[in-house]
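Please open the model in your viewer and keep the sequence panel beside it. The tour below goes from one selection to the next and says what is there at each stop.

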Amino acid sequence: MLNSDTASRPAVRPPATPAGSTRVTWSRARWLLLFATCIVIALDGLDVSMVGVALPSIGKELGLEPGALQWIVSGYVLGYGSLLLLGGRLADLLGRRTVLLVALSVFTIASLAGGLSADAGLLIASRFVKGVAAAFTAPAAFSLITTNFEEGPERNKAISIFTTFAASGFSLGLIMSGLMTSLSWRWTFLFSVPLAVLALVLGFFFVPKDRRERGAGHDIPGAVLLAAGMLLLVYTVVSAPGAGWGSPQTILGFVVAGALLAAFVVLELRVRHPLIRFGIFRVASVLRANLTAITLFGSYVSFQFVLTLYLQDVLGWSPLAMALALLPTGLVVVLSAPFTDRLIDRFGSTVLIIIGLGSLSAGYLLFLRLGTAPVYWSDVLPPVVLLGVGFGIGFPAIQVQATTGVHDDEQGLAAGLVQTSSQVGGALALAVTTALIAGGPAGSGAGGSAALAEQLAHYRPGLYLSAGLAVAGLVIAALPRRARRRRAAFVTEP
């Protein structure tokens, strides 16, 4: 188990909160620690939302079709999702502070390289490297919170603030992406550079040192197998419409991807220090949290991709108008997230996950009414607000449920696991969405109502996929629990 290096820095974790007390008070050092980690997670939300709105402008300048354009998003989430578990494990083994600062430096350089790139291949490569860096910063930051804030009201409050910053980054990204894209899409990449530098400075001075866990392995082969299998799977799904679903190329791609992922599972069951200790899934709450994370993030990444292309490329909305249209989602999350910890304390994480996914499902279903001449106040705003409520309540509840009761020496694993589920869900959902809308008519921003209706029908399967994923998550979250819960030594149910 990791402990603070008190010889170099003051201890961060205070004595346990007295029984029956709900008041949470922190020292200046603890607030600065929390602030440093919150900036890190805000950068992730900022990156996702800014790039999403800028995609049509990037596609026009670099001549990218949706099948290639989606790799600007998928490159990031695949690098992120495929290495999150290794990032979380290395944070446990090598020290959370060290991993955070090194990876954040790489993130900063990759952001700069992406903004200066003039080649589509280099841009996608920088996005992948940036995602790899985030795969180490995110679990390190999250596990710093779960190991330095006591489980219960204190940790729930810290996680609530943490997710509020993620939402704030997302909201800021939405509005700034419209402004930055109006100048050049490159500024959507460069905007995060000074914020990353600020996070580096704060992390250097205010994140406490921790001791490395000795005598444990890193499971590099497992990380390579997982990354290779996921990359090949997503590539095969995206390229299948052009090559043909029954073509030898597609069939071979699925077979090899399946073999790589199966080899990963076999390796994890046999290796001495696995990347994933599958025993953690024996507890129903941990398994459900990861499954619902897949549906929550996967549904929204697919939805934003489709809606952005439709509103900008087909209906001719400007990037700023698109950003303002989705802004209420982030604002609702920002306003609701600070109160979520109290709702979790009172009602439990499961209830809030059900409410959150129910709200998301309702929002996506309402979006199915979208026509060729949408009225913002009646057709767009109500579902956008529902999506914000769903994220504001559901996302932090999933994070709490996925990490409750996990020992400190596996908090990096638990944090990486739930974030991996989110990113893998996003990558796969986006790949399927791209395959569903591939080969349809290109939007011109003009044309009669019949042409617009045809283009809307081309994008509608992506909206169906988002709604279906959210409903599936709702069903998983609402399934009755077994009366007799299985408990393991390393985790308890919330």
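**Before selecting anything**

This is a predicted model, in which local features need pLDDT of at least 70 and side-chain atom pairs count only at pLDDT 80 or more, while totals for chains, interfaces and linings use all residues. Residues are numbered from 1 along each chain as its sequence is written, and side-chain values use heavy atoms, with hydrogens and water left out.

**The whole chain**

Show the chain as a cartoon, and you will find 15 helices and 0 strands; helices (H or I, at least four residues) and strands (E, at least two) are DSSP runs, numbered from the N terminus. Of the 494 residues of the chain, 56% count as buried, where buried means under 20% relative accessible area, exposed means over 50%, and partly exposed lies in between (1.4 Å probe, protein chains only). Among contacts between residues at least 6 apart in sequence, 84% join residues at least 24 apart, a contact being heavy atoms within 4.5 Å.

**Helices H1 and H4**

Select residues 28-62, helix H1, together with residues 120-148, helix H4: their axes come within 10 Å and cross at roughly 155°. Axes here are lines fitted to C-alpha atoms, for helices over the stretch in contact, and angles run from 0 to 180 degrees between N-to-C directions. H1 and H4 are therefore roughly antiparallel to each other, on a scale where angles under 35 degrees count as roughly parallel, over 145 as roughly antiparallel, 65 to 115 as roughly perpendicular and the rest as oblique. H1 passes H4 in a left-handed crossing; a crossing is left-handed if the near helix is turned anticlockwise from the far one by less than a right angle, and right-handed if clockwise.

To see the contact itself, display side chains from both helices, including Leu33, Val40 and Ile58 of H1 and Leu123, Ala134 and Ile145 of H4. The residues of this contact divide into 14 nonpolar, 3 polar and 5 charged, with Ala, Val, Leu, Ile, Met, Phe, Trp, Tyr, Cys and Pro counted as nonpolar, Asp, Glu, Lys and Arg as charged, and the others, Gly among them, as polar.

While H4 is still selected, pick out Phe142, which has its place in that helix and is buried, with a relative accessible area of 1%. The C-alpha atom of Phe142 is separated by 8.8 Å from that of Cys38, although the two residues are 104 residues apart along the chain.

**The salt bridges**

How many salt bridges does a search of the whole structure find? The search finds 2, a salt bridge being a side-chain nitrogen of Lys or Arg within 4 Å of a carboxyl oxygen of Asp or Glu.

For one of them, select Arg30 and Glu154, whose side chains meet at 3.0 Å, N to O. This pair links distant parts of the chain, with Arg30 in helix H1 and Glu154 in helix H5 (residues 153-183), 124 residues apart. Both Arg30 and Glu154 are buried.

Next select Arg186 and Glu61, which form a salt bridge with their closest N and O atoms 3.5 Å apart. Arg186 sits in the loop between H5 and helix H6 (187-190), whereas Glu61 belongs to helix H1, 125 residues apart from Arg186. At 47% relative accessibility, Glu61 counts as partly exposed.

**Helices H10 and H15**

Move to H10 and helix H15 (residues 449-478), whose axes come within 8 Å and cross at roughly 165°. H10 and H15 are therefore roughly antiparallel to each other, and their crossing is left-handed. The residues of the contact of H10 with H15 divide into 15 nonpolar, 9 polar and 1 charged.

Within H10 (residues 284-314), select Thr295, which is buried, with a relative accessible area of 6%. Leaving aside its neighbours within four places in sequence, Thr295 is in contact with Leu357, Leu469 and Gly473.

**Two last residues**

Phe391 is in helix H13 (residues 376-403) and, at 16% relative accessibility, counts as buried. Not counting residues up to four places away in sequence, Phe391 touches Leu296, Tyr300, Val333, Leu360 and Pro396. Phe391 and Tyr300 are 9.6 Å apart in space, C-alpha to C-alpha, and 91 residues apart in sequence.

Finish at Thr434, found in helix H14 (residues 411-437) and buried at 1% relative accessibility. Around Thr434, display Pro66, Gly67, Gln70, Val238 and Phe305, which Thr434 touches when residues up to four places away in sequence are not counted.
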